[in-house]
Every structure is written in structure tokens, then in C-alpha cells.
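Dear colleague,

I am handing over the structure below, and my notes on it follow. Please read them beside the model.

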Amino acid sequence: MIEELLVAVAGAAAAAAVYAGAAARVVKQYERGVVFRFGRLRNDVRSPGFTMIVPLVDRLHKVNMQIVTMPVPAQEGITRDNVTVRVDAVVYFKVVDAADALIRVEDYKFAVSQMAQTSLRSIIGKSDLDDLLSNREKLNQGLELMLDSPAMGWGVAIDRVEIKDVSLPETMKRSMARQAEADRERRARVINADAELQASKKLAEAAEVMSDQPAALQLRLLQTVVAVAAEKNSTLVLPFPVELLRFLERSTAGPTGAATGTASGSAAGAGEAAAVTRPFSEAYLRGAADAAARVEPVEDLTGASVEPVPAEDGA
């Protein structure tokens with residue numbers, strides 16, 4: 001009798017263990033459990049941890065609640081300014097309602113992928129090329145709004161959408177490169193012209209200061225000589241002031257012009273001094289004085305004019 005009782009207890013324990021093994025389920029932290037009993041949805045969504053279902057009656061479906069990263073295949077389209085481009089993107093989304101994600105759509109990942117592709121083509125047709133290249137933040141927000149509206153009915157929330165790459169034709173790339181090069185050359189010329197203007201103003205101010213203080217020009221000359229000599233060159237370039245040349249010219253032309261004026265006055269006898277601007281040798285001056293002494297004075301030939309007598313007829 002006792003043996004039969006022990007066998008019955010052992011059988012019941014085995015049956016309970018089998019039932020517990022068939023009914024026990026474990027839901028992970030990033031998952032939610034949706035139970036269907038005879039095909040009907042149970043209202044209670046199983047939270048993470050250990051849970052039990054009725055074997056052969058209930059079916060437990062686990063839904064991942066993590067953020068899904070889905071790449072959108074490159075879509076080719078024509079922009080609003082008639083430029084053919086290929087654009088690809090990436091979509092970040094997650095399930096916020098596990099029951100709706102299973103009931104309202106057959107495959108929510110495939111649905112989000114197709115919706116992202118159609119929305120990306122629509123954005124390409126509504127945008128300019130400059131917007132696709134430089135104003136992507138605005139386009140990302142527009143894509144997110146276009147995807148989020150239908151996705152909320154599927155129990156899916158769009159976290160963000162990012163445009164990854166924009167492929168342009170080679171001809172368009174070369175045209176943009178030439179445009180950028182021309183713009184940079186224009187800016188370089190403007191900067192050089194502005195630098196020349198500022199330098200000319202500073203040089204004018206420096207020249208004005210040096211004209212008031214001649215010693216400043218001499219100091220600047222010495223600084224230039226020091227700067228050239230610092231390179232240990234075999235040839236030293238020494239600037240020669242133009243003012244010094246003019247001073248030497250004036251000092252040389254003074255006494256020479258006076259001597260020449262005296263010789264010319266004795267030769268002409270009129271007492272007028274002739275201005276000579278270039279120096280002559282002493283031999284030349286002596287020869288000119290001798291030649292002037294040998295010239296005889298010319299009498300005044302001016303007088304009353306005599307009119308010619310007309311010839312008589314028959315002469």
C-alpha cells in the first residue's frame with residue numbers, strides 16, 4: 001500500500017514538473033511578452049522576469065523593445081532644380097506598444113523600411129541640391145515627421161532619421177569644384193587688394209613721420225643694412241639716398257657755373273652771365289676765352305632802308 005502511494009506521489013510530481021516546464025517562461029529585460037489564448041489577445045502584457053502560461057492553450061510572443069538601426073537603400077531621384085542624385089539614409093526606431101506591433105501590422109520592420117524608402121524619394125523631389133548638401137538637419141526632421149505619423153499606429157516610434165550620403169554625377173562634381181575654385185580665387189584677390197590698401201596707408205604715415213625727422217630715415221637705413229648683413233652674404237647692398245646725390249650735384253655746379261659765366265661775359269662784352277649746368281675742363285675754358293678775344297666787333301648795320309627804284313620803260 002505504501003509502495004503504491006509512493007509511486008502515485010512520484011507520478012504526480014513528475015507530471016507537475018513536466019507541466020511547470022511547459023508553462024514556465026522567462027522574459028528578458030529588453031523584451032515584453034504578448035500572450036494569445038486560443039488566438040485571442042490577452043490584455044496583460046508580460047513584464048520582464050519569470051512568468052507562467054497555460055500549456056497547449058496560451059502562446060507567448062516576445063517583442064524586442066530595443067532601438068533598431070535600419071539602413072535605407074540608396075534612392076535615385078531628381079531634385080527640384082533638375083539634378084539627378086542618389087541618397088541613402090538610416091532610420092532609428094523602437095517598439096513602444098508590443099501588442100500593436102504584433103496585431104496592427106504583419107512585419108513592422110519591413111513596413112518601416114518601405115515607408116522610409118518612399119519618404120526619402122519624396123524628400124528628394126521636394127528639395128534643392130544645396131539643401132541636400134548643406135541643410136540636412138531640416139531634411140532629417142521632415143523625414144522623421146513623414147515616418148512618425150503612420151508608425152505610431154503600428155506601435156512603433158521613430159527615434160531619428162539621418163541622411164548618410166548624397167552621390168552626384170561626375171559632371172556636377174567638376175562644375176562645383178570649378179565654382180569653389182573661382183570663389184576662393186576671388187576672395188584671395190580681395191584680401192590681397194585690402195592688404196595692399198592697408199600697407200599703402202601705413203607706408204604713407206611712415207613717410208610723413210620720416211620727412212619730419214630725417215634721423216628716422218637714417219636709422220631705418222641702418223636697420224636695413226643690419227637685416228641684410230645678418231644673412232652672412234658676401235655682397236652687401238647699401239642703399240644710397242637720392243637727397244645726397246642732389247646735394248652733391250648742387251654743390252658741384254655752383255663754382256663751375258661762376259667761372260664759365262665770367263669767360264662768356266668777357267667775350268661778348270655785354271656783361272651778361274650765362275648759366276652753365278654742366279662742368280668743363282680748364283683746357284676747354286682757356287680755348288674758349290682765346291677764341292672770344294680774336295673775334296672783331298661787328299658794326300651796327302642797321303639804318304634807313306633804301307627802297308628799290310622801279311625800272312623805266314624801254315631801258
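Patches, as used here, are made of residues with over 30% relative accessible area and no salt bridge, where like charges are joined within 9 Å and nonpolar side chains (Val, Leu, Ile, Met, Phe, Trp, Tyr) within 5 Å; a salt bridge is a side-chain nitrogen of Lys or Arg within 4 Å of a carboxyl oxygen of Asp or Glu. Please note that this is a predicted model, in which local features need pLDDT of at least 70 and side-chain atom pairs count only at pLDDT 80 or more, while totals for chains, interfaces and linings use all residues. Residues are numbered from 1 along each chain as its sequence is written, and side-chain values use heavy atoms, with hydrogens and water left out.

On the surface, Y19, V26, F50 and M52 form a nonpolar patch with about 440 Å² of accessible area together (Shrake-Rupley method, 1.4 Å probe, with only the protein chains shown counting as cover for residues). V26 belongs to strand β1 (residues 24-27) (strands are DSSP E runs of at least two residues, helices H or I runs of at least four, numbered from the N terminus), and V26 counts as exposed because its relative accessibility is 52% (exposed is over 50%, buried under 20%, partly exposed in between, with a 1.4 Å probe and protein chains only).

N140, in helix α5 (residues 136-152), counts as buried because its relative accessibility is 5%. Leaving aside residues up to four places away in sequence, N140 touches V161, E162 and I163 (contact means heavy atoms within 4.5 Å).

With regards
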